[in-house]
Amino acid sequence: MDVDEILSGLYSEPGRQNPYPWYAALHAWGPVSAIRDRPEHHTVVAVAVGYDVVGSVLRDPEWRKGAAPGWDAQPILRTFMSSMMFTDPPEHTRMRAVFAKTFTPRRLGALEPVVVRVVDSMLDRIAEAGAGGAEVDFVAGFAQPVPALVMADFIGLPEAELAWYRQRVAWIDEFMDVAGKTAERLDRANHAAEELTAFYRDLIAHRRRCPGEDLISGLVEALDSGEVELTEDELIGNLIVLFNASFGTTAYLFSNGLPLLLSHPDTVASLPGDVALARGCVDEVLRMQNPVHFLARAAPHDTDLDGVPVRQGENVLLIIAGANRDPLRFPDPDRFDARRSGPASLAFGVGVHYCLGAAVSRLEGTVALPRLLARFPDLAVTRTPVYSGSLFLRGIDKLFVSTGG
Ligand code: HEM
């Protein structure tokens, strides 16, 4: 199989259901491969899976995010382009500094009891729904509501609006898939961006009148006092991106992680009281089943990437989920080992765009997974998990379990 055949396989339905054999095939071709069979004007010219080369591109701030042509005519792209995730320094540096200030260890400490409360209340619901051996969908009953409720508390979103809000997040995520750029998906994502912008404008006006302890109140106060360099549109763009970045990813940390953990009963048996092992489980789940598979960067100048020529402005697809199974960096890469030593995985990215919420999702994972497994020692998956079919944000959307209760 040549590289173009591997990529077509990857984008096919079987590839979307299980991309890992295709990533292994790419590794066999080397850390970086040129894409030859591509439509004219297509700017993605190479694909990288090698851990070292993916890390070095991400660490180099000269490699840019770049902007999609005609972005300013589309509300969803305008929203993205007013956020830190989609911009390059110096805009990125300025916006990230404002938000980084709010992700303090004190705030994170204050979030821990919230996570415990949210997790335990979802576990109560699962116990109730699963009583008498009934099947429960772990995704709808736990994996999604936990991060949604935790982030709602963190940001200051009214709980009553969450179902409405999550639908808009789903429309935006659909559009983010590598093969998701259809006219219909673009329309829905544009519509979602407009509605979420209006929603935040109202919420900001409300918090201006009646401030609380939440992130939005704090940011509005900083904005109005001229303490930070951020416009209201940028505040809104970043809030939309922040929730979007936090929700699906952490939901998939749970839903992708549970089957992996259940197939390693020795690890589960050692979890109680071992916080380091719980952290190791979260990191190993993210290495092996990372929700974010692809990132992309554009070359700052004509260059040679491990033998593959890339011209200025051309894009390279960086498969972080493939880099996380690079056999040169992770011996026996398909084996789950929560006590694995060695380099950190690239699950949260690296460099200037390194995930701002990594500590938040690690906290959710290390609190939630041991509590779940301790509460239901006989928890079992009852049907074959159903994956999203997206390659950008990949994870299990339906996971039926029985609690053994
Ligand atoms: C398991 C959960 C998560 C995973 C796997 C994940 C993954 C990532 C990755 C790979 C990036 C880098 C993007 C790039 O380089 O282009 C990123 C950035 C980001 N993440 Fe996460 N993330 C997770 C959870 C969260 C949470 C909980 C939050 C918010 C509390 C969050 C907020 C962000 C933000 C704001 C950025 C953009 C940072 C920047 O551009 O400077 N993420 N995340």
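1. In α10, the residues Leu-162, Tyr-165, Arg-166, Val-169, Ile-172 and Asp-173 meet Leu-239, Ile-240, Phe-243, Asn-244 and Phe-247 of α13; contact here means heavy atoms within 4.5 Å. By class, this contact of α10 with α13 holds eight nonpolar, one polar and two charged residues. In that classification, Ala, Val, Leu, Ile, Met, Phe, Trp, Tyr, Cys and Pro are nonpolar, Asp, Glu, Lys and Arg are charged, and the others, Gly among them, are polar.

2. The model is predicted: local features need pLDDT of at least 70, side-chain atom pairs count only at pLDDT 80 or more, and totals for chains, interfaces and linings use all residues. Residues are numbered from 1 along each chain as its sequence is written, and side-chain values use heavy atoms, with hydrogens and water left out.

3. Helix α10 (residues 162–176) packs against α13 at an angle of about 85°, the axes being 10 Å apart. The axes are lines fitted to C-alpha atoms, for helices over the stretch in contact, and angles run from 0 to 180 degrees between N-to-C directions. The two helices, α10 and α13, are therefore roughly perpendicular, a term for angles of 65 to 115 degrees. Helices are DSSP runs (H or I, at least four residues), numbered from the N terminus.

4. The largest nonpolar core has 121 residues, of which Phe-99, Phe-138, Phe-142, Leu-157, Tyr-200 and Phe-243 touch the most other members. Helix α13 (residues 232–262) supplies the largest share of this core, 14 residues. Such a core is a set of buried Ala, Val, Leu, Ile, Met, Phe, Trp, Tyr and Cys residues joined through side-chain atoms within 4.5 Å. A second, separate core of 17 residues includes Val-3, Ile-6, Tyr-20 and Leu-391.

5. Not counting residues up to four places away in sequence, Tyr-200 touches Leu-157, Tyr-165, Ile-216, Ile-236, Leu-239, Ile-240 and Phe-243.

6. Buried means under 20% relative accessible area and exposed over 50% (1.4 Å probe, protein chains only). Beyond its neighbours within four places in sequence, Phe-154 is in contact with Phe-103, Arg-107, Leu-111 and Leu-215.

7. Cys-355 (SG) is the only protein donor of the iron atom of the ligand, at 2.3 Å. Donors are N, O and S atoms within 2.8 Å of the metal (3.2 Å for Na, K and Ca); water is not among the atoms, so sites may look incomplete. Cys-355 lies in the loop between α16 (320–323) and α17 (358–375).

Methods: Angles under 35 degrees count as roughly parallel, over 145 as roughly antiparallel, 65 to 115 as roughly perpendicular and the rest as oblique.
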